[in-house]
Amino acid sequence: MTPPDPSTARAAGTQPEEADRLRELLRSRPYQHALVLSALIGVPVSLAAFFFLAGLHELEHLLWAALPAEFGWSVPPWWWPLPLLTVAGLAVGLVVTRLPGAGGHIPAGGLHTAGMAPAALPGVILAALASLPLGATLGPEAPLIALGGCLALYFRNLARTADTPQGTALLGAAGAAAALSTIFGNPLVAAVILIEVAGVGGPQLFAVMLPALLSSGIGSLVFTGFGHWTGLATGTLSVKVGVPFPRLDAGDVLWSVLMAVAVAAAVHLTLSAGRRAAVFVAGRPVVHTALCALAAGACAAVYALAVDQSPADVASSGQATLARLAADPHAWGVGALVAVLLCKGTAYALCLGSLRGGPIFPSLFLGAALGVLLAPLPGLGVVPGMAAGMAAASAAALRLPVSSVLLVVLVLGSAAMIPVVILAAVVAFVTAELLPPGRPVPPVGRPAGPPDARPAATWDDDAERAAGPPKRSSR
């Protein structure tokens with residue numbers, strides 16, 4: 001009888017060993033307490049996130065629709081973004097230099113789930129309120145992650161539970177997932193994004209996933225109910241495609257691969273420009289933030305003058321504009337698509353390095369607009385082009401391929417485009433990873449260091465803690 005191979009025996013014993021470790025973890029009192037606390041935290045966190053988003057939505061409507069209508073304009077005039085974004089830049093610069101936490105993470109560095117203390121929450125909220133409603137080409141997801149994580153730790157402190165690194169990571173992820181699910185309208189997307197950003201595996205994957213899913217699922221019930229009870233709108237990231245979903249063919253697949261490579265290269269250049277803007281801002285945060293924000297407003301003004309459309313197409317996250325583009329893609333001429341890609345892409349890079357918000361929404365819109373622009377290529381349809389463009393742009397910007405696939409499928413509301421979505425996301429992710437790493441995002445008030453090879457969506461807490469808190473600039 002042949003003796004068993006030791007390596008085979010070890011491999012066979014891996015799964016029971018992992019299952020035993022997971023079982024022990026689930027039976028441990030601290031983890032059970034963390035699950036219960038995550039369920040309880042999901043309610044207040046999702047309520048706070050709901051009213052935060054509703055406030056942003058109402059402010060944006062006031063500044064970009066109601067106020068211009070008071071002056072007799074059906075759409076804001078071309079110069080409208082210039083004063084608003086100048087004020088936004090000055091306000092964010094003051095928050096960065098005067099309040100703890102520098103207003104949150106710089107968007108050019110990607111999404112982060114750690115490194116934010118509850119004391120930084122006022123600065124995060126004020127910076128987001130100064131950026132997003134006033135025309136920043138950014139989304140609300142990064143402030144929501146910070147809001148959820150900080151509130152979860154704040155409630156943990158109120159409950160006087162044990163303060164351990166593992167517990168802090170679990171509750172922070174659970175709170176962030178509960179808040180993030182409000183904007184995507186789906187708790188599963190929030191949990192997957194948090195899992196990929198955290199970058200854990202094995203038993204740790206389940207340890208993070210269960211509290212995140214539990215908290216975001218309960219939060220989904222809460223904010224959905226409040227939306228009906230109060231009549232307030234927060235906006236959800238979903239579109240109704242105004243053209244039929246075609247059957248995929250070889251042309252769609254081929255063009256999706258080629259598009260993904262081109263989109264990844266373009267997004268990489270945009271993120272590199274955003275990091276350079278962050279380096280520029282770090283020297284004199286107030287003045288340089290205002291200059292970058294004013295330049296972003298100039299991009300919106302140039303777009304409005306060039307194509308006689310609302311400057312809000314550029315000076316916004318792109319959520320509403322994406323819905324209009326998907327509903328009637330043929331209404332956008334080639335000139336309008338080229339103009340919005342150039343102007344919004346430039347404004348996106350400037351805002352990534354200066355203002356506060358998240359990178360997801362603008363990347364989705366830019367990818368969709370490029371897909372519509374390239375749709376006349378032989379063998380490529382409008383819907384496959386949009387789907388591949390959104391998947392490639394979000395995967396290259398976030399470096400989260402699984403989350404990008406799930407997000408695009410959710411946005412489209414159909415599984416018909418899953419093959420090209422997966423293909424485009426994977427190709428774009430690999431392309432972006434193989435490109436030379438760009439400059440790191442410097443802490444505010446400090447010069448940039450050597451090139452950083454870390455992906456945009458990761459965060460080295462130990463390195464930041466070793467570097468100490470950001471210095472405040474007196475300029």
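Seventeen is the number to begin with: the chain comes to 17 helices and 0 strands. The model on display is predicted.

**The whole chain.** Where contacts join residues at least 6 apart in sequence, 81% of them link residues at least 24 apart. Switch to the surface next: the chain exposes about 20100 Å², and carbon and sulfur atoms supply 68% of that area.

**The nonpolar patch.** Select Leu-67, Phe-71, Trp-73, Trp-78, Trp-79 and Leu-305, which make a nonpolar surface patch of about 610 Å². Leu-67 lies in helix α2, residues 29–70. With a relative accessibility of 31%, Leu-67 counts as partly exposed.

**Aromatic pairs.** A search of the whole structure finds 6 aromatic pairs. Select Phe-50 and Phe-51, one of these pairs: the arrangement is edge-to-face, with 5.1 Å centre to centre and 80° between the planes. Phe-50 is buried at 2% relative accessibility, whereas Phe-51 is partly exposed at 42%. Now move to Trp-73 and Trp-80, whose ring centres are 6.0 Å apart and whose planes stand at 75°, so this pair is also edge-to-face. Trp-73, a member of the nonpolar patch, is partly exposed at 32% relative accessible area; Trp-80 is buried at 7%.

**A charge over a ring.** Finally, select Lys-344 and Phe-365. The charged end of Lys-344 sits over the ring of Phe-365, 5.5 Å from the ring centre.

Terms used:
Residues numbered from 1 in each chain as written. Predicted model: local features only at pLDDT ≥ 70, side-chain atom pairs only at ≥ 80, totals over all residues. Heavy atoms only, no water. Patch = residues over 30% accessible without salt bridge, like charges linked within 9 Å, V, L, I, M, F, W, Y side chains within 5 Å. Areas by Shrake-Rupley, 256 points an atom, 1.4 Å probe, with all protein chains shown as cover. Salt bridge = Lys/Arg side-chain N within 4 Å of Asp/Glu carboxyl O. Helix = DSSP H or I, 4+ residues; strand = E, 2+ residues; numbered from the N terminus. Buried < 20%, exposed > 50% of the residue type's maximum accessible area, 1.4 Å probe, protein only. Contact = heavy atoms within 4.5 Å. Phe/Tyr/Trp six-rings, centres within 6.5 Å; stacked < 30°, edge-to-face > 60°. Lys NZ or Arg CZ within 6 Å of the ring centre and 35° of its normal.
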